[in-house]
Amino acid sequence: MLSTAHRYVLSVAETGSIRSSSQRLNVAASAISRQIQLVEHQFGYPLFERFASGMVLTHEGQILVRHLRHTAREVELAQAEMNALHGLVTGTIRFAAIEGVLTSWLIPAMAAFRAQHPGVTFEGQILGSQAAYDLVMVDRLDFGVVVYTDEWPGIEIRKRYDTPLLAAMHPDHPLAGHPAISLELLAREPLIMLDRSYATRTAFDRLIANAGLTSVVAFDVNHIEIAKRYVLETKGMTILPEYAVSMEVTDGSMVTRPLTTGQAVLDTVLFTRKSATHNKATDSFLRALMLAATDF
């Protein structure tokens with residue numbers, strides 16, 4: 001079990017400051033500072049560099065935090081195994097996903113799973129592909145659902161989804177009546193686009209460039225929901241993965257059309273770290289995701 005002092009060290013490592021940890025834990029900042037000093041005295045090394053902007057782990061602190069996280073994880077797994085002996089599926093499932101996947105696929109799946117297993121909790125983050133990979137590889141997360149843009153060592157791809165890019169627009173958009181949208185037409189339309197931190201944007205930019213065209217971006221934004229809201233407000237058009245706009249297509253507020261090119265496909269993957277040990281809840285949830293009849 002982690003001591004109180006060790007829990008304080010972990011909290012400050014995650015929040016980056018004693019003040020933030022004090023607010024999170026509802027514990028006096030002086031008490032947290034005192035406990036960290038005791039742990040530093042115990043090991044004989046400073047665990048944090050102290051700056052006006054916050055606390056940063058030293059190399060020694062990084063070593064300790066890595067082991068404390070491992071210990072906390074093992075204790076949690078032990079509790080989950082004990083509960084499983086009595087037929088209970090419990091524990092925390094930690095994951096990261098890209099924004100569109102979380103809203104259209106994972107949230108409904110989570111709700112259905114918790115209806116069957118109310119003792120299960122989730123901790124989810126919206127992250128880019130590389131950040132999700134980094135956290136899965138150090139066991140901070142159990143799995144990720146992201147666009148696969150690189151060859152990542154040490155992962156197991158549990159399921160792969162071919163994800164077409166679509167032109168998504170207001171039903172009253174002039175091009176809504178077309179069965180498919182050519183790149184030449186898109187190059188003449190003012191588009192609402194995700195910024196270049198998204199694989200969607202980089203894939204679309206590559207398509208346009210390879211065709212010798214230039215797109216017109218009227219609004220560049222780093223949030224899928226904002227992009228869709230702007231489309232609805234302006235009766236405009238954007239380019240999104242199929243799953244990112246599935247709910248709007250279902251309720252009729254937006255329509256989608258394929259692009260007239262066979263290259264507009266992203267590679268979305270559900271992945272874990274190879275040989276990772278998960279609690280029963282996580283294993284059960286992963287199986288449910290992999291056996292889902294429909295993708296996203």
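The second largest pocket is lined by 17 residues, and Ile98, Leu127, Gly128, Ser197 and Tyr198 lie nearest its centre. The model is predicted, so local features need pLDDT of at least 70 and side-chain atom pairs count only at pLDDT 80 or more, while totals for chains, interfaces and linings use all residues. Residues are numbered from 1 along each chain as its sequence is written, and side-chain values use heavy atoms, with hydrogens and water left out.

Helices (H or I, at least four residues) and strands (E, at least two) are DSSP runs, numbered from the N terminus. A pocket is found on a 1 Å grid over the protein atoms alone; it is an open set of points where a 1.4 Å probe fits, with protein on both sides within 12 Å along at least five of seven lines, and lining residues have an atom within 4 Å of a point. The second largest pocket has a volume of about 290 Å³. A volume is the space filled by probe spheres set on the points, which are joined across faces, edges and corners. The lining of this pocket divides into ten nonpolar residues, six polar and one charged. Ala, Val, Leu, Ile, Met, Phe, Trp, Tyr, Cys and Pro count as nonpolar, Asp, Glu, Lys and Arg as charged, and the others, Gly among them, as polar.

Tyr198 is also in contact with His223, as are Glu99 and Leu194, leaving aside neighbours within four places in sequence. Contact means heavy atoms within 4.5 Å. His223 sits in the loop between strand 8 (216-221) and helix 9 (224-234). Its relative accessibility is 34%, so His223 counts as partly exposed. Buried means under 20% relative accessible area, exposed over 50%, and partly exposed in between (1.4 Å probe, protein chains only).

The largest pocket has a volume of about 990 Å³. Its lining has 37 residues, of which Glu14, Arg69, Ala72, Arg73 and Arg94 lie nearest the centre. Among the elements that give two or more residues to this lining are helix 1 (4-15), helix 2 (18-25) and strand 4 (120-126). Helix 4 gives the most, with 13 residues. The lining comprises 13 nonpolar, ten polar and 14 charged residues.

Arg73 and Arg94 are also touched by Asp142, whose other contacts include Thr92, His278 and Thr282, not counting residues up to four places away in sequence. Asp142 lies in the loop between helix 6 and strand 5. At 3% relative accessibility, Asp142 counts as buried.

Five of its five residues are buried, so strand 5 is largely enclosed by the rest of the structure. Strand 5 pairs with strand 3 (residues 91-97) in the parallel sense over three bridges. Two strands pair if DSSP finds at least two bridges between them. Strand 5 and strand 11 (residues 265-273) run antiparallel, joined by four bridges. Val145 is the bridge partner of Ala97, and Leu270 in strand 11 is the bridge partner of Val145.

Phe143 is among the residues with the most contacts inside the largest nonpolar core, together with Leu106 and Leu186; this core has 67 residues. A nonpolar core is a set of buried Ala, Val, Leu, Ile, Met, Phe, Trp, Tyr and Cys residues joined through side-chain atoms within 4.5 Å. A second, separate core of 16 residues includes Val12, Ile32, Val39 and Leu57.
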